[in-house]
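Here is a short walk through one structure. Keep the sequence and the 3D view side by side.

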Amino acid sequence: MKKHKIYNTIFYSLIIVIFCVMYYFMSQKEGFHEDEMFSYGSSNYRYDNVFQPYGDKDYINSIIDEEIFNNENIINNIIYYLKNPNIFMKKLEEKQSNEKPIWKTKQEAIEYVTIQPNDILSLFSIYYNQSRDAHTPLFYFIVHIVSIFFLDNFSKYIIFIINISLFIGSIIIIRKIFKLLNREILAFPTTILYGLSIGAVSTVIFQRMYMLLTFFIIYYTYINLYIIKNDFNIDKRTKMKLIITVILGFLSQYYFCIYALFMFVIMQIIMLVRNKKKNCKILLLSYIKSACIGVLLFPASIYHIFFSYRGISNISNQYDISDFFNILCEAYSCNIILGFLIVSIIIIVSANMLKIKKDYFLPILLFSITGYIIVVSKISPYLDLRYIMGILPVVAIIIILTIDYICKSKWKIISFILLVIAITNLTNNSPEYLYRGYNENIKIAKENNNLKYIYIEDNGFNHIQSMPEFMIYDESMILNVSKNELKYLENNEKLENEKEFIVSIKRYLDVEKILNEILEITHKDKYTLLLDGNNETGNVIYKISNI
């Protein structure tokens, strides 16, 4: 009992230390990825999931509101347009062709990322927003609920609260996994290896659903370990836990399905080899029920998975497995050559454990992780850490189990070495998604908040990265150069009487050409460079004048 109390004290002290590390790096976060701002907008804005330059909603939502929901006979209108889709498409095309950028107020920007009193628990808006996107709604529901406590106020700590809570929950589940393995003491080095890794810190400070995905992957792993330890027998309580976890994992992020699929396949194979046909059938039916319920809860998932630009139709050879393996190594601040050596050792140990000890857990994890990385390397739209964040704690468990197999009962030495390595790595390296330097953008915005703000981009989405600036300037206009929208500055009523205004241009665009066009269109002859765009946010900012 006394020993158990000591373990508890050390374990929770370690969690507190890691929490302080996470909080420190979160406090260093200055700017945002556009997807992070999308997390807030898609959770809290009733009109659209993007801060639209043309109004409070895009042409699709505008037509739906005007032609269906703003009329008395909603059902009849829906039936009419289902029977006459060509008429609906024609109205959409007409609406889109007439889109024109407008001046957006800072209050509109605030309303995009925050909850207003009339929007509390407006869950249908979230559900609809996500059906039009390529993600499931659970994370956005959670963001919305937590945002209620910050009513009409934006804070980067809203999602941090969610992520750090899920992180702590994940660490506790890791400990439960090692308890099932009768090696509870290994929870300490695993918590150090994972919790103090660059990958884990990046997961917590990145304001997206990947920490939620991580939580359900590790809890799903725990349930499968329980089934293994129970000689592959599945009681009613375990079956219910499995079904609920698979559904919630599915509703968190589609990448959960990849990991679950490989885990399911290897579990089925082992059950069949061990002649556990009855339990094999129970497991199969559990997954079928989970899939059916998940799709019924979110039917848009069928389109997302099979037909969207993020689904299996996006399978390509854009990236190799080695590309994502390299990112995995970087998440643990590990050289790729050392990473290949570690993998080789893991494979040898895994084979020995299966052959000598009849221990299935490590081989099952290794199979599931390998399958996950292979599939992710083929379907991921970008080469980015976020797509392997969910498996990082599983990788840590695999590594620690391998080390323990080789170095029995050396957990104190192992923990100390890992702690020294982790501290060194965090001292010399920074996690991703800090966007340092964005405070300069905020400073410029505060100094010039009464001037008109013109934001130049090329895709209709990346501008939401700069929502904090839109929340400061009295009025902003967002222009898409790929749609030739600079022309809307010509004879613009609100600019004609302005002696000065601010222009922000994405660094990757032809900045000099765009600047000269703006000067010519607005009949200004002077500009001052305020920000060169060499920070992590990548915007070049000018003050335009004729003074």
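**From the surface to the salt bridges**

Ile145 is partly exposed, with a relative accessible area of 41% (buried means under 20%, exposed over 50%, partly exposed in between, with a 1.4 Å probe and protein chains only). Ile145 sits in helix 8, residues 138–147 (helices are DSSP runs of H or I of at least four residues, strands runs of E of at least two, numbered from the N terminus).

The model is predicted: local features need pLDDT of at least 70, side-chain atom pairs count only at pLDDT 80 or more, and totals for chains, interfaces and linings use all residues. Residues are numbered from 1 along each chain as its sequence is written, and side-chain values use heavy atoms, leaving out hydrogens and water.

Now turn to the salt bridges (a side-chain nitrogen of Lys or Arg within 4 Å of a carboxyl oxygen of Asp or Glu). The count comes to 15. Arg175 pairs with Glu184, their closest N and O atoms 2.7 Å apart. Arg175 is buried, at 5% relative accessible area. Glu184 is buried too, at 17%.

Asp384 bridges to Arg386, with 3.6 Å between the closest N and O atoms. Asp384 is buried at 15%, and Arg386 is buried at 3%.

Lys452 forms a salt bridge with Glu498, the closest N and O atoms being 3.6 Å apart. Lys452 lies in strand 2 (452–457) and Glu498 in the loop between helix 24 (493–496) and strand 4 (500–506), so the pair ties together parts 46 residues apart in sequence. Shared partners join Lys452, Glu475, Lys494 and Glu498 into one salt-bridge network.
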